[in-house]
Amino acid sequence: MRRAYSWRMPPGPASDARYRERSMWLDTYPGSLEPRPALNSDADADVAIVGGGYTGLWTAYYLRQLDPTLRVTVIERDICGFGASGRNGGWAVGELAAGIKKYAALADLPASLRFSRAIFDSVDEIGRVTAAEGIDCGYHKGGVIRLARNRPQAERQAAEVAHDHELGLNEDEIRLLTADEARSHANATDVLSGILYAPCAAVDPARLVRGLAEAVERRGATIVEQTAAVAVEPGRVLTDRGTVRAEVVVRATEAYTRDLRGRRRQLLPVYSLMIGTEPLPQSTFDGIGLADRPTFADDRYMVIYGQRTADDRIAFGGRGVPYLYGSRISPSVERHHRSHERIHRTLVDLFPALSGARITHRWGGVLAVPRNWTPFVHFDRAAGTAGAGGYVGEGVAPSNLAGRTLADLITGADSERVDLPWVGVHHRRWEPEPFRWLGVRGSRWMLAGADMYEYRTNREAKAAVALASKIRND
């Protein structure tokens, strides 16, 4: 049988150090990263969950909350938080890539708005749970500041806010900022306007996922690490350490779905890279702002994202290496890649005062993209299979809602979540190579060109964006 890629090491000090190399968040995590014991024989459970990231752990957490008698086993190939849950930008943002309009087309506008506000509530739910469970993850709800730094970006922002208000969102949820208002939040260069999107909290993602794993165990679920799932089938999970039989099997593997038998093209693993600065003095923040720790970005097409951490670093990232041929995942591109230098230049372009700040960490990881760019929750009671994901890089808050929804569906709870528009969404598989590589790389190249054109000319790059969108959605 084909084994998953092998990054695992035997438990011990060396493995702890190896995991700390994966991100600034894991490196600065104050607790141990030593793996939990692996599965050591065949086992039985009521619910087997494959994946020890946010989706899998939130599902286990709420399952045990709803029914403490359930035997819940979480199966993780490395350690909880090894993947995107321990490496992301720390944005618990209340939105999804597909947006209100797309989910309205799947159901109707009231259902889509109800869905949006359920995700908004998940931002607050993370705060409630972390407080109740004593998870010190630097949670702070300062919203998102998105800056417009050229005229096309400013025009898109004005149209977006007007459209969202027309759909039913209000000023307390999203509002347009003047240049002065935007700079009062994030004093970047060339600011023309901005958007304040309220439902977002900054978190330390590794502390969140590691604390959540401990909370799951306190509630009576079992977590086995260093156990690679090879195949996920109705009624069982085949691993390299034995078979786990269960009435319900939940797949929560995101970009690593490509390593499961028969699922290579189900979700596309797309890279995002990050840098982290040394802790900065208050005098620096007196100049650049970020007093309320908002997450921040601008409105270029090639996504960037940043936050001021609880220990006064800047964590900043972007989609530098979009996709590797054959859906490859390679640790070699995750640290000290030339794209990290472009990300650093972008950060200094935003905040020139950071030009002398020492970069202490460079890292990266993969996020999962479904072919229709629409996150999903699945549950088939007859087959005993379930899953969620495809968050396109926005999974911190939605994974909480996904976990609550899966727990409701599995236990048969009558909740307002079980008929939200993402429940039952299906997507076709990605194209075989070289077509998916050409499509992803081609659309990224066009969007990067659109950004350069707009900065150079102050005119909207309509043709390039339209073509990139057509390639993505066809």
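What percentage of the contacts in the chain with a separation of 6 or more comes from residues 24 or more positions apart? After that, please take me through H11, H12 and the loop between them.

Reply: Happy to. This is a predicted model, in which local features need pLDDT of at least 70 and side-chain atom pairs count only at pLDDT 80 or more, while totals for chains, interfaces and linings use all residues. Residues are numbered from 1 along each chain as its sequence is written, and side-chain values use heavy atoms, with hydrogens and water left out.

To your question: residues 24 or more positions apart supply 75% of the chain's contacts with a separation of 6 or more, where contact means heavy atoms within 4.5 Å. The chain has 13 helices and 18 strands; these are DSSP runs numbered from the N terminus, helices being H or I with at least four residues and strands E with at least two. For 474 residues, a compact globule would have a radius of gyration near 23 Å, and the chain agrees at 21 Å. That radius is taken over C-alpha atoms, and the globule rule is 2.2 Å times the number of residues to the power 0.38. Along the principal axes, the C-alpha trace spans about 60 × 50 × 45 Å. Of the 474 residues, 61% count as buried. Buried means under 20% relative accessible area, exposed over 50%, and partly exposed in between, using a 1.4 Å probe and protein chains only.

Now to your part. The expected span is 1.5 Å times one less than the number of residues. H11 is mostly covered, with 13 of its 14 residues buried. Phenylalanine 115, in helix H5 (residues 109-133), is buried at 2% relative accessible area. Beyond its neighbours within four places in sequence, the contacts of phenylalanine 115 include Leu401, along with Leu420, Pro421 and Trp422. Tyrosine 54, in helix H3 (residues 54-66), is buried too, at 4% relative accessibility. Among the residues that tyrosine 54 touches, not counting those up to four places away in sequence, are Val396 and Ser399.

Just after H11, glycine 412 takes a positive phi of about 75 degrees. Further along the loop between H11 and H12 you will find proline 434. A cis peptide bond joins this proline to glutamate 433, with omega at about 5 degrees.

Then comes helix H12, residues 435-457. Its 23 residues reach 32 Å from first C-alpha to last, close to the 33 Å expected at 1.5 Å a residue. The buried residues of H12 include Val440, Met446 and Leu447, and also Arg436, Arg444, Asp451 and Glu454. Their cover includes helix H6 (151-167), strand E12 (268-277) and helix H13 (462-473). For a sense of distance, the C-alpha atoms of arginine 436 and tyrosine 54, 382 residues apart along the chain, are separated by 27 Å. Just after H12, asparagine 458 has a positive phi of about 65 degrees.
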